[in-house]
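Subject: Structure handover

Hello,

Here is the structure I promised to pass on. Have a look at it first, and my notes follow below.

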Amino acid sequence: MELLSGGDMLVRALQDEGVDLIFGYPGGSALHIYDAIFRQKGIKHVLVRHEQGATHAADGYSRSTGKVGVVLVTSGPGATNAITGIATAYMDSIPMVVISGQVPSDKIGEDAFQETDMVGCSRPIVKHSFLVKNAEEIPEVVKKAFYIASTGRPGPVVIDIPKDVTNPADRFPYRYPEKLRMRSYTPAGKGHSGQIRKAIALLLSAKRPVIYAGGGVVQGEGAGLLTELAKRLNYPVTNTLMGLGAYPGSDKRFLGMLGMHGTFEANTAMHHADVILAVGARFDDRVTNTPNKFCPGAKIIHIDVDPASISKTIVADIPIVGTVQSVLSEMLEMLKSSEEQPDQSAIVDWWRQIDDWRERHGIYTAPRYRTDGAMIMPQEVIRAVYDITEGDAFVTSDVGQHQMFAAQYYLFDKPRRWINSGGLGTMGFGLPAALGVKIAHPDKDVVCVTGEGSIQMCIQELSTATQYHLPVKILCLNNQALGMVKQWQEMQYEGRLSNSVYEESLPDFVKLAEAYGHLGVKIERREELHDKLHEAFAIKDRTVFIDVYVDPSEHVYPMQVMPNGSMRDMWLSKTERT
Amino acid sequence: MRRIISVLMENEPGALSRVVGLFSQRGYNIESLTVAPTEDATLSRLTMVTIGDDHKIEQVTKNLNKLIDVVKLVDLTEGSHIERELLLVKVRASGAQRDEVKRSVDIFRGQIVDVTSNMYTVQVAGTGEKLDAFLQALGEHTIMEVVRSGVSGIARGEKVLSV
C-alpha cells in the first residue's frame, strides 16, 4: 500500500472524493496541507482575501451546482473568520466541508499562538465536526464529512486538523474507503406511503389550495417534480425566499414570494387557503408572521427531509418525512393512477379570486412604484436587468432592500439561479458567492445585486476577481444609507435614523473598481439607465461595478404588519394598509 | 411535565458537549444528567431529566436524534420504567443523634458507608422523591454535605435500548 503523509493523504482523499476546487487562505497551521496542494494537479485552489470570502464563495459554488463546497483555512483567526460563512451555510442547509488547521496536538489547550477551539466555536452552526487525532483517520473522516454534509438535510461539516497530523515526515498507508456504514446516522429516504395517500386525498378535496415550496425543493432537486405536480393539479404556487426558482417565476400559477415582503396575492391566498402543501419549507418566522394567526382555516401537509422541521412552529396535520424527490414522485404516481380529480369548479373560483387580488395589488400586474419621477427606482433597475439578461442570469445578493427588490422583481424560472443568504441574512455574502458561481459557470451572466452597505463588508474580494479573472457584474443599488434599517427606523422609530447613514463618507465605487483593475460605471439619471445597463452587460470579459443611484426614500412593499399581524396584514405602500 | 430521556450515543470526544450544547442553544433545560460507557466500550449511555410540554419534548427528542453521535434514544417516561438515583450524604451524628440517624437510614434502606466519632456518611439509592424524603427526615441541622448522582433509568419488562 502507498505511504503518504497526513497532508498528502488529505489532498488525495479530497481528490478521491471528486473535489476539484477549494477556496482558502493559508497560514501557519495549514502550511503542510498547502505544501501538499502545491505538489499536486487535480485540485484548483482559489486564494481569497478574507476567510469569510472563502466560505461564501464555496457556498455560492455549491448552491449553483449542487456539489459540496470546500474551504481550507488556518487555525485561530483563519478559523474564526470562517464562522460567519459556516453559519450562513448552516441556516440555509448548504453542503460544505471546512478544513481548518489546528495548532499541534501537544499544544492544544495551552493558549498557543493562533489557537482557538474550532470544534467548540463552530459547534452550534455545523451539522457535525471532527477533530482528527492521527493521520490514519484522515481518509475515513473525509469520507464521512462529505457523506454527512451532502445527505439528509445538508449542512456544513468542519474537519479540524492539528499541524503534527499533517507532518510530511510521518507516512502511513493510504486507502480511501469505498463504503461507509454509520450506525448513528441514517438520513431520511422514502416517505411513508400511508401518509402520502392521505395527503393526496386531502389535496384533491381542497377548494382553496396553495403549494408553499421552499429551499428544500431547490436543494433536493425537486423543482421539476414540483412543477409537474402543480401544473397537473392547476394549483397556485408560492415560493419562499430560499425557494425562488423551485417553480418557474414566469408561469401564471406562480403567485410570487410569500412572507414579510411577499406579494399581496401570495400572502392573502395563504391566509384564506383551506389546504397548504408545504414542501421543503420550514415555516420560518419571516414567512408565518404571528404563528397563532397563521392561516386559520388551513389543513397543512408538510413534506421535509428533516423531522425536526416538522411541527416546530406550525403544527402539521399530515407530516411526511422523506426526501422531496421521493415523496413528490410517489405523489405524482398516485395522482396519475387516481380516479379522483380536483374539484374543478372550486379551483376555477379560487383562481378568479386570486386574479382579483393580483389585479388589485399584485406587483406583476402593474408597477407599484413611481414611474414618472426623475429618480431611478430600484425596482425598475431589477426589471431592466431581468430583461437584459433574459431572465437567465445567476443572481447572487447581499442583504437588505436590494435583496428584497431582486427577489420580487427578477423572476427565476430555474432552480439554483437565485443565490442569497436567506436564513442568516449575511451582508457581504453577495460578491464572494458570485465569484464561486462564476467559477462553476464561466459562460453565464453572474450578477451580484448589492447595496453600498453590504458590498463594503466583503469588498476585498474584488481582488480575487482580478487574480482569477472572474468577470461578474456588481449591481449596486446605491441609496446612500442602510436602506432596510432606515426603512424600519422610518416606520417604527419615528424616523430617527440611528447610525444608518454615512455622512458623505462613501467611497467612489467607480474609482475603487478601477483600482482593482475592473470597470466602473456610475448611473445617476433615469434617462440613461437602460442604455448604460445595456452597455455594461454587453461587456463579458471584465468585472463591471455598476453603481446605480436610486431613490433613497423608497421602501420595500408589501411588508407584513408586525407585531401581531397575520399573513394577510400588510403595508402596501407608505400610506396604504390591508 | 418531567421526562426521563435515555440516549445511546457514540463514545466519542465531543459527543457529550454536543448534547449539552443543544440544550442551551435551543433553550431546553436539563434537571439532571448522567453519562458513562456501556458494556460495549464504543457506546455511552446518557440519561437526562428534562421538563417541558409535549411539543417541547418532541422537539428535544427530534433534535437529539439529529445529532450525528446519537445512535438511539427513548423517552422512558412514556412507559413503565425504573429510575434510580444515588445519594451520598455526610450527617453530623454524635451522642443520642447517632441512634436516631441510624434508625432513619434503616427506614430508608440506606447504608452507612463511612463513620467517624462525630458523623456518618450515608448512601441511599432510589427515586428522586425518596431521596428528597430521606433528606427531609434527617432535618437540615444534621446535614454537612450532599452529593446526588442524577437519575439513571431503564424500561421495565423485556424492552431494551440497544444497537
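In chain B, the centres of domain 1 and domain 2, taken over C-alpha atoms, are separated by 29 Å. The assignment for chain B puts domain 1 at residues 2-79 and domain 2 at residues 82-152; such bounds come from an automatic or database domain assignment. Where the two meet, six residues of domain 1 of chain B and five residues of domain 2 of chain B take part in the contact (two residues are in contact if their C-beta atoms, placed from the backbone, lie within 7 Å). On the domain 1 side, β2 (32-37) and β3 (43-51) of chain B are the elements that give two or more residues, and β2(B) provides the largest share, three residues. By class, that side of domain 1 of chain B has three nonpolar, three polar and no charged residues. For the classes, Ala, Val, Leu, Ile, Met, Phe, Trp, Tyr, Cys and Pro count as nonpolar, Asp, Glu, Lys and Arg as charged, and the others, Gly among them, as polar.

Before going further, please keep in mind that this is a predicted model: local features need pLDDT of at least 70, side-chain atom pairs count only at pLDDT 80 or more, and totals for chains, interfaces and linings use all residues. Residues are numbered from 1 along each chain as its sequence is written, while chains are lettered from A and ligands numbered from 1 in the order in which they are written.

Now to the elements of chain B. Chain B holds four helices and nine strands (DSSP runs numbered from the N terminus, with helices being H or I of at least four residues and strands E of at least two). Starting at the N terminus, their order in chain B is β-α-β-β-α-β-β-α-β-β-α-β-β.

Four strands of chain B form an open sheet in the order β2-β3-β1-β4, with antiparallel pairing; two strands pair if DSSP finds at least two bridges between them. β2 and β4 (70-75) of chain B are the edge strands, each pairing on one side only. From one strand to the next, the twist averages 15°. Strand β1 (residues 2-10) of chain B runs antiparallel to β4(B), and five bridges join them. Within β4(B), Val70(B) is the bridge partner of Met9(B). Across β1, β3 and β4 of chain B lies helix α2 (residues 54-66), which runs at about 160° to β4(B) (axes are lines fitted to C-alpha atoms, for helices over the stretch in contact, and angles run from 0 to 180 degrees between N-to-C directions).

Chain B also meets chain A: 12 residues of chain A are in contact with 16 residues of chain B. The chain A side divides into seven nonpolar, two polar and three charged residues.

One residue of chain A to look up is Ile455(A), found in the loop between β17 (446-451) and α17 (462-467). Is Ile455(A) buried or exposed? Ile455(A) counts as buried because it has 27 C-beta neighbours inside 10 Å (buried takes 20 or more other C-beta atoms within 10 Å of a residue's own, exposed 12 or fewer, partly exposed in between, with C-beta atoms placed from the backbone). Not counting residues up to four places away in sequence, Ile455(A) touches Asp398(A), Leu431(A), Thr450(A), Ile474(A) and Cys476(A).

Best wishes
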